[in-house]
Amino acid sequence: MLLTLHPDNPNPRHLKTIVECLKDGGVIIYPTDTVYGLGCDISQHKAVERICRIKQINPAKAQFSFICSDLSHLSDYAKSVDTPVFRMLKKALPGPYTFILPASKMVPKILKAKKDTVGIRVPDNNICRAIVSELGNPIMSTSLPIEVYVEEYTDPEIIHEKFGKIVDIVVDGGIGGMTFSTVVDCTDSEPVLIREGAGSWEELL
């Protein structure tokens, strides 16, 4: 199913359809402030396993991130964050960054990396934040099952043609980007840049 949502005012009926799909263990493709992502409800283990099969990866080795609507979920899924790190998150989010933080006990075991960390994202995109708000908990997120993001994978109609049969809903929120989020590891005393992407590293410092 291809569902079109307005980037500024997502249709409440369509949002409800997407949220019901996620609560039923569905898998969606949806827009962020960077590339289109593949996601499911973090509490639906079968959906997580299904995404691992789609991506052909071992759940134990997978590195997924959590899409949150704001920083209010931070204390649920990450262990206590010190003040300088929290200030940096507050400054950068919503925005095209993924922050790797120590995972709390509320992070499902299947989603914890070997290092017991979690990647937190608050994209600057109304559609995905509205979905998360309606759902009431984060979406587990990963990139599409492709080697490289080329221009055709910015078009939700082409994404639907290619992947519509392996997911339940493709959310059309307009043309997406081709650059990933910037990944910052905040598990040590100093933040470390893991991958420079759409977010400026200099602006964080």
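Modeller: A disulfide is a pair of cysteine sulfur atoms within 2.5 Å. This is a predicted model, in which local features need pLDDT of at least 70 and side-chain atom pairs pLDDT 80 or more, while totals for chains, interfaces and linings use all residues. Residues are numbered from 1 along each chain as its sequence is written, and side-chain values use heavy atoms, without hydrogens and water. By that criterion, a search of the whole structure finds zero disulfides.

Colleague: Why does Cys-128 count as buried?

Modeller: Buried means under 20% relative accessible area, exposed over 50% and partly exposed in between, with a 1.4 Å probe and protein chains only. Cys-128 has 0% relative accessibility and therefore counts as buried; Cys-186, at 7%, is buried too.

Colleague: Which residues lie nearest the centre of the largest pocket?

Modeller: A pocket is an open set of points on a 1 Å grid over the protein atoms alone, where a 1.4 Å probe fits, with protein on both sides within 12 Å along at least five of seven lines; lining residues have an atom within 4 Å of a point. Gln-63, Phe-64, Ser-65, Thr-98 and Val-183 lie nearest the centre, among 35 lining residues.
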